[in-house]
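We will take the stops one at a time.

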Amino acid sequence: MSRRYDSRTTIFSPEGRLYQVEYAQEAISLAGTAIGILSTEGVVLACEKKVTSKLLDNDGSAEKLYAINNNMICAVAGMTADASILVNNARVNAQQYLKTYNEEIPCEILIKRVCDIKQGYTQHGGLRPFGVSFLYAGYDDRYQFQLFSSNPSGNYSGWRATSIGANNSAAQTLLKKDYRDDFTLKEACELAIKILSKTMDSSNLNSEKLEFATLSLSKVNEGKVIHKIWSDKEIDLLIKDSGVLDDKREDDD
Amino acid sequence: MDIILGIRVADGTIIATSKAATRGISVLKDTDDKTRPLNARNLIAYTGESGDTVQFAEYIQANVQLYSMRENDIELSPKATASFVRNQLASSLRSRKPYQVNVLIGGYDVKTDTPSLNWIDYLGTQVELPYGAHGYAAFYATSLLDKHYRKDMKVDDGLALLKLCLKELETRMPIDFKGVYVKVVNKDGIKEIEGY
């Protein structure tokens with residue numbers, strides 16, 4: 001029955017649903033998990049890399065984490081190709097705002113603009129929606145550190161901690177259990193590792209399967225935001241520090 | 001020969017604009033207000049080609065207010081407003097018929113608790129100044145302001161200094177500019193000062 005309403009994104013089914021949009025969201029729930037956690041000192045974004053191959057010539061750059069401007073980074077779940085279009089758009093928008101107002105774009109304005117593009121593809125054209133969800137980590141002087149998620153329908157929402165992609169409901173349950181709002185950035189990072197170690201189905205966790213980024217304030221330069229996309233070495237060190245591997249070994253025993 | 005003058009003091013910014021609207025050799029009106037409030041704490045004062053001036057100021061006013069409507073009543077800061085105006089004038093300059101408008105923007109930033117005065121001309125020059133003026137008024141007033149301006153002045157001291165400038169302008173300007181409207185932008189908003 002539903003097939004009659006599948007082919008076009010712009011047509012409601014008799015039950016009042018847009019199947020293509022729902023399918024796009026479904027595609028994302030198969031993609032690698034991404035977790036975002038807000039702390040008192042900053043925001044952490046952590047992603048699971050799905051495709052890893054020995055033959056892949058990796059230059060060390062992140063695949064699913066992007067810097068948007070000086071104050072924002074984002075993590076992607078879904079089709080990376082679609083994401084790069086939207087990330088490019090976000091970067092252009094951020095620079096355009098900076099050019100006209102001589103101030104960094106407030107996070108929510110930028111997210112709203114990207115979401116408006118996403119929404120457009122659920123309503124007109126005979127085109128498919130963007131198959132990506134984002135986690136945005138940002139800082140602005142209106143609301144300080146912020147964490148947002150967005151999905152293919154063009155909705156976005158603000159969070160203290162959330163996850164998108166595969167096993168996101170399991171990750172969210174764990175976040176709900178373990179999140180505290182007085183986290184330091186380090187504690188938030190360790191929680192992210194801990195949750196990823198549980199939601200990912202591989203047995204040994206290492207930097208090959210993870211991407212990590214943090215957003216924090218500079219201690220030297222007041223008001224300056226630092227975003228860091230972590231190197232493999234730093235990720236391995238964090239995994240070791242967090243002790244998730246030890247827990248695993250104990251479980252095995 | 002419109003007069004627009006601005007003085008930034010420690011707790012606010014004072015803007016004075018002449019009341020005369022002239023065309024050729026005639027004074028058409030002696031109650032012309034050459035300012036527009038942009039939002040609660042941003043005031044634009046303008047001179048230049050008549051017609052262009054009001055059109056441009058109201059266009060800016062509409063855009064600044066649109067921003068607040070879209071962004072949940074968050075207001076554009078004085079610095080962002082000035083940059084936006086500069087940007088508009090700079091793109092206008094490179095169009096077929098540029099706006100010939102010079103402006104002063106008096107503003108008060110509630111986030112940093114600082115008053116500001118931005119001087120912008122039709123070429124897109126934008127500077128943040130302690131005091132400034134456009135047109136002929138600048139020739140007569142700047143020397144006085146150079147001599148008497150102090151950083152720690154309050155609004156009342158600023159108004160006294162403004163009186164000094166106006167006296168000089170009345171003495172030296174070749175035509176009567178019919179007095180001025182004086183407005184102060186501070187943390188409470190924009191307020192007109194009577195008796196000028």
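A salt bridge, for this tour, is a side-chain nitrogen of Lys or Arg within 4 Å of a carboxyl oxygen of Asp or Glu. Keep in mind as you click around that this is a predicted model.

**Stop 1: the interface**

Display chain A and chain B together and colour them separately. How many salt bridges does the rule find across the interface of chain A and chain B? There is 1. To see a salt bridge, select Lys112(A) and Glu71(B), whose side chains meet at 3.9 Å, N to O.

Now widen the selection to the whole interface. Here 12 residues of chain A are in contact with 12 residues of chain B. Between them the two chains bury about 1,100 Å², with 44% of that on carbon and sulfur atoms. Highlight Thr100(A), Tyr101(A) and Arg142(A): these residues supply 46% of the area that chain A buries against chain B, more than any other three residues.

**Stop 2: a helix pair in chain A**

The crossing is right-handed.

Show side chains next. On H2(A), the contact is made by Leu86(A), Asn89(A), Ala90(A), Asn93(A), Ala94(A) and Tyr97(A). H3(A) brings Ile109(A), Leu110(A), Arg113(A), Val114(A), Ile117(A) and Lys118(A). Sorted by class, the residues of this contact are 8 nonpolar, 2 polar and 2 charged.

**Stop 3: a salt bridge within chain A**

Asp82(A) belongs to helix H2 and Arg128(A) to the loop between H3 and strand E5 (132-140), so the pair ties together parts that are 46 residues apart in sequence. Over all chains, the rule counts 16 salt bridges.

**Stop 4: a helix pair in chain B**

Bring chain B back and select helix H1 (residues 52-70) and helix H2 (residues 78-93) of that chain; their axes come within 11 Å and cross at roughly 130 degrees. That angle makes H1(B) oblique to H2(B). H1(B) passes H2(B) in a right-handed crossing.

Which residues of H1(B) make the contact? Select Phe56(B), Tyr59(B), Ile60(B), Asn63(B) and Val64(B). Facing them from H2(B) are Thr81(B), Phe84(B), Val85(B), Gln88(B) and Leu89(B). The contact has 7 nonpolar residues, 3 polar and no charged.

Technical notes: Residues numbered from 1 in each chain as written. Chains lettered and ligands numbered in written order. Predicted model: local features only at pLDDT ≥ 70, side-chain atom pairs only at ≥ 80, totals over all residues. Heavy atoms only, no water. Axes fitted to C-alpha atoms, helices over the stretch in contact; angles between N-to-C directions. Helix = DSSP H or I, 4+ residues; strand = E, 2+ residues; numbered from the N terminus. Parallel < 35°, antiparallel > 145°, perpendicular 65-115°, else oblique. Left-handed = near helix turned anticlockwise from the far one by under 90°. Contact = heavy atoms within 4.5 Å. Nonpolar A, V, L, I, M, F, W, Y, C, P; charged D, E, K, R; others polar. Buried area = accessible area lost by both parts, 1.4 Å probe.
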